[in-house]
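Subject: Structure handover

Hello,

Here is the structure I promised to pass on. Please open it before you read my notes.

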Amino acid sequence: MRRISYKLAVVLTVTSLALLSGCNKDVDAAKAPGDASSSSTVGNTSPDVQAVMQERGLTPDDLLAAAKTYTPSGKLDDHIMFASGGHSGQIFVIGLPSMRMLRSIAVFTPEPWQGWGYGAGNDILKEGDVNGKPLTWGDTHHPNLSETDGAYDGQFLFVNDKANARVAVVDLRDFETKQIIKNPITMSDHGGAFVTPNTDYVIEGGQYATPLGWKYAPIEEYKEKYRGMVTAWKFDREKGRLDQAQSFALELPPYWQDLASSGKKVSDGWIFMNSINTEMATGGVEDKKPPFEAGVSQRDMDYLHVINFKKAAELFKAGKFEKVNNFPVIRLQTLIDEGVLCFIPEPKSPHGVDVTPGGEYMIVSGKLDPHVTVFSFEKTLKAITEKKYTSKDPYGVPVLDFDACKEAQVELGLGPLHTQFDDKGYAYTSLFLEPAVCRWSLGGAYASKHPEAPWTVVGKTSVQYNIGHLSVPGGDTTEPSGKYLVAMNKWSIDRFFQTGPLLPQNFQLIDINNTGEKMPVLYDLPIGVGEPHYAQIIKADKLKPWKTYPQVGWNPEKQAIDPESPKPGTERIERRNGEVHIYMTAVRSHFTPEHINVTQGEKVVWHIVNLERAIDATHGFCVPAYNINLSLEAGEYEKFEFVADLPGTFPFYCTEFCSALHLEMMGYLHIKPTDATAAAK
Ligand code: RUQ
Ligand code: CUA
């Protein structure tokens, strides 16, 4: 009831304010449908609302935007966005339309508040080490939700680490990272992690070419020894893990492969991947050679990689690969001989390649070309069958005729990057240099869905500032919806309080729940914890997260009951095989046991379980000086180890304010020095 009257107040106020300001255009825009007489509503406007508007300098449009996004306490968001956290190494979970940040998911970077890397999660972080070199950060770029039949199924989330060429798996039952896998052949990735339409594979495309297998070769041997790659990670949905034993890679020329997309529906079984630096420039400003930025941008055309992935998977099964660093790699020559790989020329320094919901078109944006180029999958397939090749690249890869594959080119504006789709036959492309979001109309089967002529610009909305990716709910799937769009802006300049020279990124929520030219900005969300790239948005009701762990003694790493978990009543300290095992329980508001006595030099193995069954009854657990902090959600079991090499008296305590007697939820770890003279006098 309160909500209805609030909305009414908004409509009335919008109308009356517009009248007061004498702006007739706004009156028409703001008029509720069926508003017979605007003047009769003026007297009904809430004076409170008017006063606030005046005091804060709000316009009727502002009020309308507020009404579309304001989410009263207790009301839930209808969409959930998973955004990469860039060089924070994490993933951010954000509710729409409120644009409230709900939590971060620790992935590649230890994060104490969720107990990631400070006693728990360490084994998973360790999986991502490079030859034993520990990594404590990542550069997350492209989160991808698992799909069934090309639509998000809400079960898993994958993300790549561009800096170190790694892929992580997050289980969306508990929103926790379950696996980090290091790419065995490259040090740099970008075009990942993209799923195939049923999540059989997670695709990790490369970026900066290197000698494969983490090897050294001088830059002078770039053309001979450096290579690009794409890796196909087999996903075992049952286990919730990437299965390295069933995964493989393709060797590619040393171009810098960029973003990739899986085909879907009619193009299912194919992978499309951009590349830059088909010049094979090797930089060297220090030797008066052209810098990378110039060398990489000389050619008018680069190559869209068209990969018959179904056939590649068959070659792998048939054993037609060699092992590099113990990982199966299908050689470039095999790909050429078997007709798995060909190129289409694509203008100019391309970045995004995005496949339409039905899989019919691949949309390519050239950063230095004002157009997007629309390639038809059908035409491409025909050109391949009819061998419409114009040339070969220096490695012998056939290059298809550009015009034979092209469906359309649409001039959008400056610096097009990424494209998403909606359910109304529109595409949305980010324009980095303008900066703006551009809505344009698709042709073909999509033409009947919108009133505009096919392949034309419909409208543009300026964004603040320097947009990279954009995201529409389901916007890269077979089932896009079209309610919202989030512009992921790199610069925020004047949008927020100046937090010193380092400013947050700016996510802008844009209303696309309409047709035509206008797409108003509704809300700005500063992201002060990393530089996000891509995001995916899913309907909230497609997610089925756990409220607590299913049973007490749950090991989140195994997603099963852990037989090692202490049971209530069996708490104890046990010495065996030269180790001290502590079996501890936590429940409001005490740990059992409360005193732990060990001797300096003993190896401590600490088992701790949260016995709670109530939602949100999380306990923390920290040990000073030993760099331990856990977050134990209801039912969760964790185990950590350390050598008690520093003697002393260490008060451990619960780091979550869990109850009125939370401060009392503590105990002492007494580490008796081996040298008695070290004890306090
Ligand atoms: S790519 S905007 Cu990974 Cu465009 Cu960052
Ligand atoms: Cu448990 Cu505070």
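Below is what I found in it.

First, the ground rules. This is a predicted model, where local features need pLDDT of at least 70, side-chain atom pairs count only at pLDDT 80 or more, and totals for chains, interfaces and linings use all residues. Residues are numbered from 1 along each chain as its sequence is written, chains are lettered from A and ligands numbered from 1 in the order in which they are written, and side-chain values use heavy atoms, without hydrogens and water.

**Overall build**

The protein chain holds 12 helices and 45 strands. Both are DSSP runs numbered from the N terminus: helices are H or I with at least four residues, strands are E with at least two. The radius of gyration, taken over C-alpha atoms, is 28 Å, close to the 26 Å from the globule rule for 681 residues, so the chain is as compact as a globular protein of that length. That rule is 2.2 Å times the number of residues to the power 0.38. Along the principal axes, the C-alpha atoms fill a box of roughly 85 × 80 × 50 Å.

Of the 681 residues, 58% are buried. Buried means under 20% relative accessible area, exposed over 50%, and partly exposed in between (1.4 Å probe, protein chains only).

**Cores**

A nonpolar core is a set of buried Ala, Val, Leu, Ile, Met, Phe, Trp, Tyr and Cys residues joined through side-chain atoms within 4.5 Å. The largest has 39 residues. Ile203, Phe248, Leu250, Phe309 and Leu341 touch the most other members. Helix H9 (residues 309-317) gives the most to this core, with 5 residues. Leaving aside neighbours within four places in sequence, Phe309 is in contact (heavy atoms within 4.5 Å) with residues including Tyr201, Ile203, Phe248 and Trp270. A second, separate core of 27 residues includes Ala586, Leu630, Cys658 and Ile671.

**Backbone spots to check**

Most residues other than glycine have a negative phi, and most peptide bonds are trans. Here are some exceptions.

- The Gln464 to Tyr465 peptide bond is cis, with omega near -15 degrees. Tyr465 is in the loop between strands S28 (457-462) and S29 (467-471).
- Arg588 and Ser589 are also joined by a cis peptide bond, with omega about -5 degrees. Ser589 lies in the loop between strands S37 (579-587) and S38 (590-592).
- Met99 has a positive phi, near 60 degrees. Met99 is buried, at 2% relative accessibility.
- Trp214 has a positive phi of about 60 degrees. Trp214 is partly exposed, at 24% relative accessibility.

Best wishes
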